[in-house]
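Q: I should like to learn how to read the features of a structural model. Could we work through one, step by step?

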Amino acid sequence: MLLQYTLQKMSDNDKASFKPSLVVQLFQKHFADPSSIKMSSKDAAGILSAELLRVFVAEAASRAAQQALNEDASVCEVEHIEKILPQLLLDF
């Protein structure tokens with residue numbers, strides 16, 4: 001029941017988001033040469049990267065919750081995320 005409520009809540013227009021400045025900082029930290037990143041949180045690349053990350057996380061949560069429902073689990077566990085992850089990565 002709780003999981004079904006969570007799925008319904010996720011489908012509503014309650015959009016959690018990532019700040020573009022955070023996404024740009026993550027990119028800069030994980031590239032070998034951070035100065036080679038010509039991206040700011042105000043340009044289209046930073047904003048679209050944050051939106052892509054939001055969609056990816058929302059899709060992962062939705063698929064993991066559906067997997068938990070398919071297994072008659074009342075709580076979505078890490079194992080549910082592990083089961084959906086290969087196909088999710090192929091889809092993105």
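Q: Where is R54 placed, and is R54 buried or exposed?
A: The model is a predicted one. R54 is situated in helix α3, which covers residues 44–70. Burial is judged from relative accessible area, with under 20% counting as buried. R54 has 16% relative accessibility and therefore counts as buried.

Q: Which residues does R54 touch, apart from those up to four places away in sequence?
A: With those sequence neighbours left aside, R54 touches K15, A16, S17 and F18.

Q: What is the general idea of a salt bridge, and with which residue does R54 form one?
A: Side chains can pair if they carry opposite charge and their charged atoms come close. Here the side chain of R54 meets that of E51 in a salt bridge, at 2.7 Å from N to O. The two residues both belong to helix α3 and are three residues apart, about one turn of the helix. E51 has a relative accessible area of 35% and is therefore partly exposed, whereas R54 is buried.

Q: How many salt bridges does the whole structure hold?
A: A search of the whole structure finds four. Another of them pairs E59 with R63, whose closest N and O atoms are 2.7 Å apart. E59 and R63 are four residues apart in helix α3, again about one turn of the helix. E59, at 29% relative accessibility, counts as partly exposed, and R63, at 22%, counts as partly exposed too. A network of salt bridges links E59, R63 and D91.

Q: Which residue meets E71 in a salt bridge, and what does the pair tie together?
A: The partner of E71 is K83, with 2.7 Å from N to O between the side chains. E71 is in the loop between α3 and α4 and K83 is in helix α4, so the pair ties together parts that are 12 residues apart in sequence. E71 is partly exposed, with a relative accessible area of 30%, and K83 is partly exposed at 47%.

Q: How should the length of helix α4 be read, and where does α4 have a kink?
A: One compares an expected span with the distance between the end C-alpha atoms. Helix α4 comprises 14 residues (78–91) and should span 20 Å at 1.5 Å a residue; its end C-alpha atoms are 20 Å apart, which agrees. A kink of about 45 degrees is found at L85, shortly before the proline P86.

Q: Which residues of α4 are buried, and against what do they pack?
A: The buried residues of α4 are H80, I84 and L88. These buried residues pack against α3.

Q: Which residues form a nonpolar patch on the surface?
A: The patch consists of L52, V55 and F92, which together have about 270 Å² of accessible area. Of these, L52 is in helix α3.

Q: What do the totals for the protein chain show?
A: The secondary structure amounts to four helices and zero strands, in the order α-α-α-α along the sequence. Of the 92 residues, 17% count as buried. The accessible surface is about 6800 Å², and carbon and sulfur atoms account for 60% of this surface. Among contacts between residues at least 6 apart in sequence, 54% join residues at least 24 apart.

Technical notes
Residues are numbered from 1 along each chain as its sequence is written. This is a predicted model: local features need pLDDT of at least 70, side-chain atom pairs count only at pLDDT 80 or more; totals for chains, interfaces and linings use all residues. Side-chain values use heavy atoms; hydrogens and water are left out. Buried means under 20% relative accessible area, exposed over 50%, partly exposed in between (1.4 Å probe, protein chains only). Contact means heavy atoms within 4.5 Å. Patches are made of residues with over 30% relative accessible area and no salt bridge: like charges are joined within 9 Å, nonpolar side chains (Val, Leu, Ile, Met, Phe, Trp, Tyr) within 5 Å. Accessible areas come from the Shrake-Rupley method with a 1.4 Å probe; for residues, only the protein chains shown count as cover. The expected span of a helix is 1.5 Å times one less than its number of residues. The bend at a residue is the angle between axes fitted to the seven residues ending there and the seven starting there.
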